[in-house]
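Me: Hi! I'd like to go through this structure with you. Let me put it up first.

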Amino acid sequence: MDDQGEIILDVMGQQCPLPVLRARKRLLRLDPGRLLRVFATDPVARLDMPHFCAEAGHELLEVRDRGTWLEFLIRRGENVREPDEDILSKPVRGL
């Protein structure tokens with residue numbers, strides 16, 4: 001953690017869905033407004049992380065492509081929405 005309260009989460013080498021699941025778990029333990037910087041190598045995270053932030057109520061402040069890895073800066077949302085367990089177990093229609 002730095003002086004501004006930014007937390008670093010290194011999920012390099014972890015594959016989908018672990019980067020998002022680990023970011024979700026870490027964000028839930030933070031106070032609203034705190035920053036989480038995530039480092040990931042999974043190319044799918046480029047799509048998953050923005051979608052997760054939008055759905056859960058977090059603010060994705062920046063995405064940086066570092067060549068072989070991605071960097072995300074996320075502000076923990078004020079009104080975080082947790083998905084219903086039933087929704088997670090149901091198949092998505094139209095796929």
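Me: Is E6 buried or exposed?

Reply: E6 counts as buried, at 13% relative accessibility. Here buried means under 20% relative accessible area, exposed means over 50%, and partly exposed is in between, using a 1.4 Å probe and protein chains only. Before we go on: this is a predicted model, in which local features need pLDDT of at least 70 and side-chain atom pairs count only at pLDDT 80 or more, while totals for chains, interfaces and linings use all residues. Residues are numbered from 1 along each chain as its sequence is written, and side-chain values use heavy atoms, with hydrogens and water left out.

Me: Good to know. Which residue forms a salt bridge with E6?

Reply: That's R37, and the closest N and O atoms of the pair are 2.8 Å apart. R37 sits in strand β2 (residues 35-40) and E6 in the segment before β1 (7-10), so this pair links distant parts of the chain, 31 residues apart. R37 is buried too, with a relative accessible area of 14%. A salt bridge here is a side-chain nitrogen of Lys or Arg within 4 Å of a carboxyl oxygen of Asp or Glu.

Me: And how many salt bridges does the structure hold?

Reply: Seven. One of them joins the side chains of R46 and D65, at 2.7 Å from N to O. R46 lies in helix α2 (residues 45-56) and D65 in strand β3 (residues 59-65), so the pair ties together parts that are 19 residues apart in sequence. R46 is partly exposed, with a relative accessible area of 36%.

Me: What does R66 form a salt bridge with?

Reply: With E71, where the closest N and O atoms are 2.8 Å apart. R66 counts as partly exposed at 37% relative accessibility, whereas E71 counts as buried at 6%. Salt bridges with shared partners join E6, R37, E62, R64, R66 and E71 into one network.

Me: Let's zoom out. How many helices and strands does the chain have?

Reply: Three helices and four strands. Starting at the N terminus, the order is β-α-β-α-β-β-α. These are DSSP runs numbered from the N terminus: helices are H or I with at least four residues, and strands are E with at least two.

Me: Ok, strands next. Which strand does β2 run antiparallel to?

Reply: To β4, with six bridges joining them. For example, A40 has L70 in β4 as its bridge partner. β4 also pairs with β3, again in the antiparallel sense and over six bridges, and there L60 stands opposite I74. Strands are said to pair if DSSP finds at least two bridges between them.

Me: What do β3 and β4 form together?

Reply: A hairpin, with four residues between the strands. In its turn, G67 has a positive phi of about 90°.

Me: Is β4 mostly covered or mostly open?

Reply: Mostly covered: five of its six residues are buried. For the chain as a whole, buried residues make up 33% of the 95 residues.

Me: How many residues are in the largest nonpolar core?

Reply: 18, and those with the most contacts inside it are L36, V38, M49, F52, F72 and I74. The elements giving two or more residues to this core are β1, α1 (18-28), β2, α2 and β4 (70-75). α2 gives the most, with five residues. By definition, such a core is a set of buried Ala, Val, Leu, Ile, Met, Phe, Trp, Tyr and Cys residues joined through side-chain atoms within 4.5 Å.

Me: What does F72 touch?

Reply: Leaving out residues up to four places away in sequence, its contacts include L36, V38, M49, P50 and L60. A contact means heavy atoms within 4.5 Å.

Me: Last topic, the aromatic rings. How many aromatic pairs does a search of the whole structure find?

Reply: One. F39 and W69 form an edge-to-face pair, 5.2 Å centre to centre with 90° between the planes. F39 is in strand β2 and W69 in the loop between β3 and β4, so the pair ties together parts that are 30 residues apart in sequence. F39 counts as buried at 18% relative accessibility, while W69 is partly exposed, with a relative accessible area of 24%. The rule is that rings of Phe, Tyr and Trp (its six-membered ring) pair if their centres lie within 6.5 Å; planes under 30 degrees apart count as stacked, over 60 as edge-to-face and the rest as tilted.
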